[in-house]
Amino acid sequence: MLPYQTIGDAEIALNRTLTFAETLWFNYSANKSDYFLYCHNILFLFLIFSLVPIPLVVAELFRASNVERYKIQPKVRLSFSEMISCYKTVMKMFFFAVGPLQLVSYPSIQFIGIRTGLPLPSGWEILIQLTVYFIVEDYTNYWIHRFLHGKWGYEKIHKVHHEYTAPIGFAAPYAHWAEILILGIPSFLGPAMAPGHMITFWLWIALRQIEAIETHSGYDFPWSPTKYIPFYGGAEYHDYHHYVGGQSQSNFASVFTYCDYIYGTDKGFRYQKKLLAKLKEESNSNGQQNGLKFD
């Protein structure tokens with residue numbers, strides 16, 4: 001809740017005119033408690049889990065040729081009922097684990113100093129903090145993910161997530177309840193190290209889940225803007241991790257690839273890429289000799 005009664009009071013306190021964004025924020029948040037604002041995460045996560053994968057469901061069902069060519073595992077198909085079953089399981093976990101976790105974790109947000117007041121952060125401040133959050137979460141998640149692929153971690157917890165050897169968007173948050181709780185730690189560390197505004201925190205939670213849905217999409221779209229992010233893994237990279245399955249000791253990264261490269265846990269993926277490139281080159285060479293051309 002903002003400590004100002006009117007916009008005029010806020011402008012006097014800041015010694016300047018509010019920006020358009022700050023005016024909108026004042027009008028929306030002035031009479032709302034910080035706890036209520038924090039709980040917006042629950043609504044955002046519900047909408048993201050429910051709506052963002054829908055285009056992927058449409059692509060899977062209608063198999064349009066201009067989209068079908070980008071499917072990573074084209075021989076694996078899920079029916080509409082199977083995808084709905086996955087969504088129902090995710091929603092069950094959402095209401096019994098993700099939502100309650102959000103409701104009870106507010107004291108930690110207070111403790112680290114996530115603020116809701118004015119002034120709003122600049123675009124550069126938001127960008128820098130989000131970058132820190134992604135890097136911290138990615139590094140921490142890498143080691144937790146490796147632990148979960150140990151015998152005990154996989155058998156007791158992580159194998160639930162690997163039920164989908166060809167992942168789909170709805171399956172991004174499909175996991176054992178214990179894994180959901182454990183992976184909440186890396187997501188929280190970045191904001192704890194560089195606390196910012198509640199809006200930045202909202203963006204972090206939203207972008208991280210959208211990123212997870214993309215990497216579990218099952219499609220490697222060349223027009224994705226994430227193709228321009230250095231060291232970004234993406235759908236093809238993570239799809240290999242699911243394809244190999246429970247025995248996988250490769251591609252543990254959640255977002256970036258540098259940890260896998262540094263610690264040598266992407267060797268299987270790199271070998272497969274080289275092998276497929278060699279086979280494609282040989283196929284094209286043979287096809288040209290026979291007057292054919294392969295795309």
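Helices are DSSP runs of H or I with at least four residues, numbered from the N terminus. In this predicted model, the loop between α8 (106–112) and α9 (123–148) holds Thr116.

Apart from residues up to four places away in sequence, Thr116 touches Met1, Leu2, Trp25, Asp34, Leu37, His197 and Met198.

Leu18 belongs to another loop, the one between α1 (7–14) and α2 (20–29). With 7% relative accessibility, Leu18 counts as buried. When neighbours within four places in sequence are left aside, the contacts of Leu18 are Ile7, Ala10, Glu11, Thr23 and Leu118. Leu18 and Trp124 stand 106 residues apart along the chain, and 18 Å separates their C-alpha atoms.

**Aromatic pairs**

The structure contains 24 aromatic pairs. One of them joins Phe49 and Phe94; the ring centres are 6.1 Å apart and the planes stand at 90 degrees, so the arrangement is edge-to-face. Because Phe49 lies in helix α4 (residues 40–51) and Phe94 in helix α7 (residues 80–104), this pair ties together parts that are 45 residues apart in sequence. Both Phe49 and Phe94 are buried.

Tyr70 and Phe221 also form an edge-to-face aromatic pair, with 6.1 Å from centre to centre and 70 degrees between the planes. Tyr70 is placed in the loop between α6 (65–68) and α7, and Phe221 in the loop between α13 and α14, so the pair ties together parts that are 151 residues apart in sequence. Phe221 has 19% relative accessibility and therefore counts as buried, as the class requires a value under 20%.

**Lysines over tyrosine rings**

| Lysine | Ring | Distance to ring centre |
|---|---|---|
| Lys32 | Tyr28 | 4.1 Å |
| Lys71 | Tyr219 | 5.2 Å |

Lys32 lies over the face of Tyr28, while for Lys71 it is the charged end that sits over the ring of Tyr219. Tyr219 is also one of the residues that line the largest cavity.

**Cavities**

Three cavities of 30 Å³ or more are present in the structure. The largest has a volume of about 60 Å³. Its lining consists of Pro53, Leu56, Val57, Glu60, Met83, Ile168, Gly169, Phe170, Ser217 and Tyr219. Helix α5 (residues 54–62) gives the most to this lining, contributing three residues. By residue class, the lining of the largest cavity comprises seven nonpolar, two polar and one charged.

Glu211, Thr215, Gly233, Gly234, Tyr237, His238, Ala253, Ser254 and Val255 form its lining. At least two lining residues come from each of α13 (198–215) and α14 (234–244), and α14 gives the most, with three residues. The lining of the second largest cavity divides into three nonpolar, five polar and one charged.

Note on methods. Residues numbered from 1 in each chain as written. Predicted model: local features only at pLDDT ≥ 70, side-chain atom pairs only at ≥ 80, totals over all residues. Heavy atoms only, no water. 1 Å grid on protein atoms, 1.4 Å probe; cavity = no way out; pocket = protein on both sides within 12 Å on 5 of 7 lines; lining within 4 Å. Points joined across faces, edges and corners; volume = space filled by probe spheres on them. Nonpolar A, V, L, I, M, F, W, Y, C, P; charged D, E, K, R; others polar. Phe/Tyr/Trp six-rings, centres within 6.5 Å; stacked < 30°, edge-to-face > 60°. Buried < 20%, exposed > 50% of the residue type's maximum accessible area, 1.4 Å probe, protein only. Lys NZ or Arg CZ within 6 Å of the ring centre and 35° of its normal. Contact = heavy atoms within 4.5 Å.
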